[in-house]
Amino acid sequence: MFVGRSQRQKEEMENALSPSLLPSPASEVAARVSSLFVYPIKSCKGISLSQAALSPTGFRWDRNWLIVNSKGRGLTQRVEPKLSLIGVEMPEHAFGEDWEPEKSSNMVVRAPGMDALKVSLAKPDKIADGVSVWEWSGSALDEGEEASQWFTNFVGKPCRLVRFDSASETRPVDPNYAPGHIAMFSDMYPFLLISQGSLDSLNKLLKEPVPINRFRPNIFVDGCEPFAEDLWTEILINGFTFHGVKLCSRCKVPTINQETGIGGQEPIETLRNFRSDKVLQPRRKPQGKIYFGQNMVWKDGFGDGIGKTIEIGDSVVVLGKLSSPAKAAT
């Protein structure tokens with residue numbers, strides 16, 4: 001039973017329970033939020049939070065920045081695994097509900113063997129054209145020569161640091177899965193959710209367990225069965241509705257040790273044995289993909305989300321779920 005829920009939220013719950021879904025009891029708390037993460041610079045270290053502000057493109061400050069090569073193409077750990085060694089610090093109150101940057105507010109970037117780089121949170125004036133990441137291309141805000149030289153020196157090839165220009169650019173997610181939703185520089189979707197049960201299930205099969213940072217989720221939950229999140233099509237966290245839109249197909253990044261930047265074969269080799277499309281969805285033509293985690297969008301994310309937060313300890317209530325992973329969108 002939910003106390004104080006608005007009529008709108010009640011209606012959302014009723015609408016979620018369509019005949020194509022297997023309904024969960026309205027009072028079922030399936031899990032609780034155990035960790036929250038943002039990754040201000042794409043493919044660099046994340047920041048663990050106790051509370052995170054929602055926005056239409058994901059948590060506030062998540063994947064706002066991107067390192068690009070001389071052709072404007074976004075760099076990731078797939079090609080430059082040493083990006084995992086770059087740490088990011090934000091001002092103490094930057095993740096507060098109503099905090100706004102001042103002229104003196106900086107993001108501080110650190111890496112082994114490098115002096116600290118301060119990047120002003122005031123938006124730069126310079127525009128970088130021809131920026132691209134995956135299927136998207138457009139312009140972005142260029143963070144200047146000092147940042148460019150810092151990343152060039154660390155990566156070992158010409159680089160620039162750019163910021164998503166939300167005032168003039170929009171990056172839609174795949175309309176086949178979440179029409180109308182947008183992202184910044186995340187791979188494809190605004191949120192990635194993974195459960196502790198899924199990680200534990202994997203680690204029982206590995207000679208050397210891996211931490212959750214190999215998978216770079218935004219929302220990490222505990223208390224549910226392994227891979228229960230595969231089935232979640234609609235959940236409620238702190239009164240906010242999220243849709244599970246597509247299982248997360250994994251690349252080589254989970255094989256990279258996030259503390260050393262060194263890659264290996266695991267955990268992808270083990271995951272292939274029981275988390276491949278061939279295993280999970282045997283009736284579909286296999287594409288050689290491996291799944292771990294659920295991509296999500298915030299249902300109410302079409303408007304201004306700043307000031308709306310979720311936090312560690314929040315319950316995860318399942319409003320709708322599939323009956324089998326074979327029915328999950330991939």
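Visitor: Which residues does Asn295 touch, not counting residues up to four places away in sequence?
Guide: In this predicted model, Asn295 is in contact with Tyr189, Phe191 and Leu192, and also with His243, Gly244, Val245, Lys246, Leu247 and Cys248. That leaves out residues up to four places away in sequence.

Visitor: Where is Asn295 found?
Guide: Asn295 belongs to strand 18, which covers residues 291-298.

Visitor: Is Asn295 buried or exposed?
Guide: Buried: the relative accessible area of Asn295 is 10%, and the cut-off for buried is under 20%.

Visitor: Change of topic. What is the strand order in the open sheet of three strands?
Guide: The order is 6-7-8, and the pairing is antiparallel. Strand 6 (87-89) and strand 8 (117-120) are the edge strands, each pairing on one side only. From one strand to the next, the twist averages 25°.

Visitor: How many bridges pair strand 7 with strand 8?
Guide: Four bridges, in the antiparallel sense, with strand 7 taking in residues 106-110. As an example of the pairing, Met107 has Val119 in strand 8 as its bridge partner.

Visitor: What lies across those two strands?
Guide: Helix 2, residues 145-155, lies across strand 7 and strand 8. Relative to strand 8, helix 2 runs at about 140°.

Visitor: Which residues of helix 2 are buried?
Guide: The buried residues of helix 2 are Ala147, Ser148, Trp150, Phe151, Thr152, Phe154 and Val155. Their cover includes strand 7 and strand 8, along with strand 5 (65-68) and strand 11 (160-163).

Visitor: And what follows helix 2?
Guide: Gly156 does, and its phi is positive, near 95°.

Visitor: On to charges. How many salt bridges are there?
Guide: The count comes to 15 salt bridges. One of them pairs Arg163 with Glu143, where the closest N and O atoms are 2.8 Å apart.

Visitor: What parts does the Arg163 and Glu143 pair tie together?
Guide: Arg163 sits in strand 11, and Glu143 in the loop between strand 10 (136-142) and helix 2, so the pair ties together parts that are 20 residues apart in sequence. Both Arg163 and Glu143 are buried.

Visitor: Which residue does Arg275 form a salt bridge with?
Guide: Asp230, with the closest N and O atoms 2.8 Å apart. This pair links distant parts of the chain, 45 residues apart. Arg275 is in the loop between helix 4 (268-274) and helix 5 (277-280), while Asp230 is in the loop between strand 15 (219-222) and strand 16 (232-237). Arg275 and Asp230 are both buried.

Visitor: What about Lys299, which residue is its partner?
Guide: Lys299 forms a salt bridge with Glu234, the closest N and O atoms being 3.6 Å apart. Because Lys299 lies in the loop between strand 18 and strand 19 (309-311), and Glu234 in strand 16, the pair ties together parts 65 residues apart in sequence.

Visitor: Last one: which residues do salt bridges that share partners join into one network?
Guide: Lys126, Asp142, Glu145 and Arg160.

Note on methods: Residues numbered from 1 in each chain as written. Predicted model: local features only at pLDDT ≥ 70, side-chain atom pairs only at ≥ 80, totals over all residues. Heavy atoms only, no water. Pairing = 2+ DSSP bridges. Axes fitted to C-alpha atoms, helices over the stretch in contact; angles between N-to-C directions. Contact = heavy atoms within 4.5 Å. Buried < 20%, exposed > 50% of the residue type's maximum accessible area, 1.4 Å probe, protein only. Salt bridge = Lys/Arg side-chain N within 4 Å of Asp/Glu carboxyl O.
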